[in-house]
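User: Please take me through the features of this model one by one, giving the general idea before the particular case.

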Amino acid sequence: MKLVFVFPGQGAQAVGMGHALFENSAAARAAFEAVDIACGASISTLCFEGPEAALKETKNTQPCLFATSVAALAACREAGLEPVAVAGHSVGEYAALVAAGAFDIATGAKLVQQRALAMAEAATQNPGSMAAVLGLDASVVQEVCDSLKSSPVIGGGGGPIVVPANDNCPGQVVISGEVAALEAVAPLLKERGAKRVLPLEVSGAFHSPLMASAAEALKPIIDSAAIAAPRLPIVANVTADYETTSDEIKANLAAQVAGPVRWTETIQKLAGDGYTHFVECGSGKVLAGLIKRIAPEAIVFSVGDSASLAAAVEGLKT
């Protein structure tokens, strides 16, 4: 068995996340406490009690997801589960780097907090949104988005900005950009065969050029952080390949904010290299569903509370 731990990104948050782990695992409780101390705020209370409106704010969502993921990681390790490789979706990559030993929880929490603030600020300065494109090949989505660049300027500036942001699984690609550009590209995608183009409830055009200012703000912060070479294989979002050095991690984390999340290729890479079992550590079961669509033969568990942890431990015995 080659076990991979994966960690979810924004959209997986829910009020109450991680509370059962906090209550039943000393290791998870210590992880939450470490995040609270590092962030100088009660991130754990926001996870457990909300309110939902506050939890949905980018500046809060990302630290909360990170806290829940590293708590689930700690609980899994406390229960005897140990990965041999890791990956994370968007902000989940920071929890994956904790799992890989590239930095500790406190360092990760501070970086995520800075990332969330920088992305929220960029979203205010350069408003935009995202939409899920269902039932269309990633290559076709890319082609249609590219075609819009040569169309008349939409909304002023240097041309319409809309790009594939998250290649989540076959038939599900999230696009990101200016609202006018998203509205303009939707009918074009449907003409090419998209079943649906669904606007997402997000506060910005994440993983698009509209986040360039966030990437620039984060780069010196990431460069000065104590980041070591990973002790486990980890596949980066922006390259869909293994990163092995501190410099690679720093460059990829800075680029990731305005670059794509190549999740389909990430899981294909891991499955192709013989990794067979996956545990999603954190809130929700989004990644488990995506993995099953990318690699149908994979054995997948989601661990977000005590019951699901027990099920994963039992299931991985066989």
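This is a predicted model: local features need pLDDT of at least 70, side-chain atom pairs count only at pLDDT 80 or more; totals for chains, interfaces and linings use all residues.

User: How many aromatic pairs does the structure hold, and how should I read one?

Analyst: In general, a pair of aromatic rings is described by the distance of the centres and the angle of the planes. Here rings of Phe, Tyr and Trp (its six-membered ring) pair if their centres lie within 6.5 Å, and planes under 30 degrees apart count as stacked, over 60 as edge-to-face and the rest as tilted. The structure holds four such pairs. One of them joins Phe32 and Phe48 edge-to-face, at 5.1 Å centre to centre with 70 degrees between the planes. Because Phe32 lies in helix H2 (residues 26–39) and Phe48 in helix H3 (residues 43–49), this pair ties together parts that are 16 residues apart in sequence. Ring pairs also link Phe22, Phe32 and Phe48 into a cluster.

User: How many helices and strands does the protein have?

Analyst: There are 14 helices and eight strands, which are DSSP runs numbered from the N terminus, helices being H or I of at least four residues and strands E of at least two. The radius of gyration of the protein is 19 Å, close to the 20 Å that the globule rule gives for 318 residues, so the protein is as compact as a globular protein of that length. That radius is taken over C-alpha atoms, and the rule is 2.2 Å times the number of residues to the power 0.38. Buried residues make up 55% of the 318 residues, and along its principal axes the C-alpha trace spans about 60 × 45 × 40 Å.

User: Which residues does Gln114 touch, leaving out those up to four places away in sequence?

Analyst: A contact means heavy atoms within 4.5 Å, and by that criterion Gln114 touches Leu218 and Ile221. Gln114 is found in helix H7 (residues 105–125), and at 32% relative accessibility it counts as partly exposed. Gln114 and Leu218 are 104 residues apart in sequence, yet their C-alpha atoms are 7.3 Å apart in space. For the protein as a whole, residues 24 or more positions apart account for 74% of the contacts with a separation of 6 or more.

User: What should I look for in the backbone angles?

Analyst: Most residues other than glycine have a negative phi, and most peptide bonds are trans. In this model the peptide bond from Gly50 to Pro51 is cis, with omega near 5 degrees, and Pro51 lies in the loop between H3 and helix H4 (52–55).

User: Where does His207, with its positive phi, lie?

Analyst: His207 has a phi of about 55 degrees although it is not a glycine, and it lies in the loop between strand S6 (196–199) and helix H10 (212–224). His207 is buried, with a relative accessible area of 3%. Ala240 likewise has a positive phi, near 55 degrees, in the loop between H10 and helix H11 (246–256), and Ala240 is buried at 9% relative accessible area.

Methods:
Residues are numbered from 1 along each chain as its sequence is written. Side-chain values use heavy atoms; hydrogens and water are left out. Buried means under 20% relative accessible area, exposed over 50%, partly exposed in between (1.4 Å probe, protein chains only).
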